[in-house]
Amino acid sequence: MRSLFILAASLLALSAHAQTYDFSARPSAGAIAVQHDTLPRYDAATGYGFVNQTGALPARPVHTDTIRREAAGYVITEAAIDPDTGKDHYNNYGMAFRIKAAPGAYAITVRTTSDAADTSVAISGMQTSRLLAPVFWDAASLLPNKTPMNVQGHDWSYRYVNGRDYIDIEVEPKKAGVPVGLSQITLTPIGPRQRPAGALPAIYTLGDSTVKSYTFDEAPMSGWGQVFDHLFDPAKVRVLNYSMGGRSFRNAYAEGRLNDLLLAANAGDMLLIQFGHNDESLDENRRYGRGATEAMYEEMIRKVYLPAIRARGVLPVFVTPMSRVNGAQKPGQPYINSFDKRRFPELMKKLGAELGVPVVDLNARSIAYYNATGSASITAMVMSVEAGETPGKTNDGSYANGHPANKIDGTHFKESLSKQYARMVVAGLTEVMPQVAPLLRKDWAAMPEIAADITDGDNAYYRNQIEKLLQLGVLHKDAQGLFHPQAAMQASEFAAALAKLMRVQTGVVATDGPLTREVMGAMLLDAYHAKFASKPAYMTDYNGKTILPGSAGYDPNLDSGAQGAMYYPLLRWEQLQDGASVSPAYAAKLRDAYELGLIRSENGIERGRMVNGRLIEPHAQVTRAKAAKALYFMWVLAQPPKNENDLSAAL
C-alpha cells in the first residue's frame with residue numbers, strides 16, 4: 001500500500017541535532033551565544049537576528065530600537081497595550097527573533113525572561129490563543145488538536161511544521177509597562193512520520209464550510225468532505241476531513257489546523273486542499289482575518305503550505321473551489337463563475353501547473369453541472385430553506401421557520417448536492433492521480449437513491465428529502481425507478497415509513513387511502529411522544545441561541561448574530577384561519593403537533609424567507625413530496641444533535 005502514493009519530491013534530510021540560541025549573559029554549553037554589544041539584526045549569513053516586522057501575512061511591525069540587553073536576555077517594555085487585544089486585529093508590538101530554518105517539522109522550546117501571565121509567544125504568525133485552548137478540528141468533536149502549545153512559567157513549547165526558509169519567534173507583552181523578553185530558544189528537527197507496517201494509507205481533506213462534515217443540528221447543510229469517504233473502500237484507505245466553516249488559507253494555518261494535520265499524517269499520505277470562498281473576505285489587512293489578495297493567496301500556497309506539506313512527505317492535491325450559486329438565478333439564465341474579482345480558481349490552477357501539484361478543477365466542473373442540471377434542481381439543492389423543512393440551525397438561529405437570514409444561500413448546500421460534488425472530485429482525482437482508482441469502492445459512481453422523476457422542474461423541489469428517505473430505505477421507487485412526487489401519499493405507507501424512521505409505533509391506525517394533513521399531524525404527534533420523554537435539544541438548547549464571544553465553543557472564524565431565530569411557529573394556533581375546521585377526532589392532536597412545530601402551514605411559505613402561513617388545511621391530501629418533507633424533519637429531530645450527519649447514519 002505504501003507504493004500507491006508516490007512522493008512529488010524527495011524527503012528533506014534534516015539534521016537530528018537540536019540547536020539552542022541563548023540570549024543570557026551566561027549561555028549554556030553548546031548553545032549559540034546571542035548576546036552582543038549591539039543588537040543582533042537578522043542576517044542570512046549568520047542565520048539569526050531580530051527583525052523589524054514578522055513574516056506573517058500581513059506582516060506585523062515589531063520594535064527593535066527599544067530592545068535592551070539584560071543578564072537574563074533581551075527584553076522590551078511597551079508603554080501601551082492595544083485595547084483590541086484578543087480580537088482578530090491588534091498589535092502589542094514587542095519583539096521578533098528570526099532563525100534560518102529549512103522547511104520541515106521542529107520541536108520548538110522558548111524560555112522567556114517574563115512569566116506567561118505577562119507574555120505571549122507566537123511562532124511565525126500563528127494565533128497563540130487558539131493553540132493554547134483545547135479545540136477540535138471538526139463539528140462532531142472527533143478530531144482533537146493533538147499539537148497544542150504548552151506553557152509553564154517562563155517555558156513555552158510547540159511542535160511546528162515550517163514552510164518558509166526561516167522561523168519567527170514573536171514575544172508580545174500582555175500588560176503595559178511590564179518588561180518581556182527572550183532568554184533561550186531551542187529548535188529540534190522532527191523527521192517525517194513513517195507509516196507503521198500494516199497501517200493503511202490516508203487521504204486528508206482540508207477546506208472550508210463547503211468541504212466540512214456537519215452535525216445533525218446543522219441539517220440539511222452538508223459539505224462534500226462529509227460524504228467523500230463513502231466513495232472509498234475502508235479496507236484500503238482511511239479518509240479524514242479536517243475542514244471547517246469560515247476557514248481560508250490564512251486562518252487554517254494560523255489556528256494550527258494545517259500544522260496538526262501534517263504532524264498526524266504519514267509520509268506517502270495524500271492531502272486535498274480547497275480554499276477560496278473565505279479568502280474572498282475583504283479583511284486581508286487584519287492580523288487574523290480570513291481574506292487574502294491574489295498575491296497573499298499565492299504566497300500562502302507557494303511559501304507556507306506547499307513546502308511544509310512536501311517536507312512531511314505528504315502528497316498535495318489542489319481542488320479549485322466550486323462556484324457559488326446565485327440564489328436569485330432566473331430560469332434559462334446561464335450559471336457563470338462567481339470568482340469574478342479575486343480569481344482564486346485560475347490562480348490555483350496556474351500554481352499547480354508551475355509547481356507540479358495535481359489539480360482537480362471542481363470550479364469548472366461545478367459550473368458545467370449547474371448548467372446541465374438547471375436552476376429548479378440546483379436551487380432546491382442549495383440552502384434554500386422554507387418553514388418546516390428541518391429543526392436544524394445555523395449561526396443566525398433555527399431553520400424551522402425558514403432561513404433565518406431571509407435569503408437563498410447559494411454558497412452552502414444540502415447533501416443531495418454535496419454527493420454530486422464528491423463524485424466530481426473523485427472523477428477529477430482519478431484523472432490526475434490514477435493510483436487512487438484501486439482505493440475506490442467498485443460502485444462509487446452509483447447513486448441508487450436518485451429517482452428519475454425528482455431531478456428537474458417542480459418535481460425537484462424536495463429532492464434532498466426524497467433522496468435521503470430512499471437512501472434510508474423508508475420510502476421506495478416503483479419498478480420503473482420513479483418516485484411520483486406529486487402523487488397522493490397513502491396513509492398506510494406514511495405510517496409504516498414514520499414507524500421505521502423513528503423506531504416507534506405511530507399510534508394512529510391508518511387505513512388504505514390518501515393521507516390528509518390532519519391525519520399526518522396526529523401520526524407525527526404520536527411518534528413524537530413515543531420517541532421522546534422530554535423535548536429534544538432542537539426545541540430547547542438550539543431554540544434561537546447563538547454562541548457569543550467569551551462563551552464555551554465560540555469560534556472567532558464564524559459569523560454570528562447577537563440573537564438567533566426561534567424554533568417554534570411564528571403564529572399561534574389561534575391565529576390560523578381554519579383551525580376550527582379540523583375533524584373533532586384529530587383536533588387536539590393536530591393542535592399539539594402544530595404547537596410543537598411538528599407540522600406547519602404549507603400555505604404562504606417561501607424558500608429563502610422566514611415566514612409562516614395562516615392555513616393548516618386539515619383536509620388537504622398530502623403529496624409524496626410533502627410527506628417526504630415531514631418525514632425528513634422527524635428524522636433529523638430524532639438524531640443526536642452533535643453527532644456527525646454521516647451517510648452511514650442509517651436505520
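How do the residues of the lining of the largest cavity divide into nonpolar, polar and charged? In this predicted model, local features need pLDDT of at least 70 and side-chain atom pairs count only at pLDDT 80 or more, whereas totals for chains, interfaces and linings use all residues. Residues are numbered from 1 along each chain as its sequence is written, and side-chain values use heavy atoms, with hydrogens and water left out.

View 1. A cavity is a set of points, on a 1 Å grid over the protein atoms alone, where a 1.4 Å probe fits but cannot get out, and its lining residues have an atom within 4 Å of a point. Four cavities of 30 Å³ or more are counted, and the largest has a volume of about 290 Å³, a volume being the space filled by probe spheres set on the points, which are joined across faces, edges and corners. Its lining comprises 23 residues, of which A56, L57, S124, G125 and Y253 are the closest to the centre.

**View 2. The lining of the largest cavity.** The lining divides into nine nonpolar, eight polar and six charged residues, where Ala, Val, Leu, Ile, Met, Phe, Trp, Tyr, Cys and Pro count as nonpolar, Asp, Glu, Lys and Arg as charged, and the others, Gly among them, as polar. The largest share, four residues, comes from α3.

**View 3. The second largest cavity.** This cavity has a volume of about 80 Å³, and among its 13 lining residues E415, S416, N464, K468 and Y632 lie nearest the centre. Helices (H or I, at least four residues) and strands (E, at least two) are DSSP runs numbered from the N terminus, and β14 (221–222), α9 (415–432), α10 (463–472) and α14 (624–637) each supply at least two lining residues here.

Notes. 1 Å grid on protein atoms, 1.4 Å probe; cavity = no way out; pocket = protein on both sides within 12 Å on 5 of 7 lines; lining within 4 Å.
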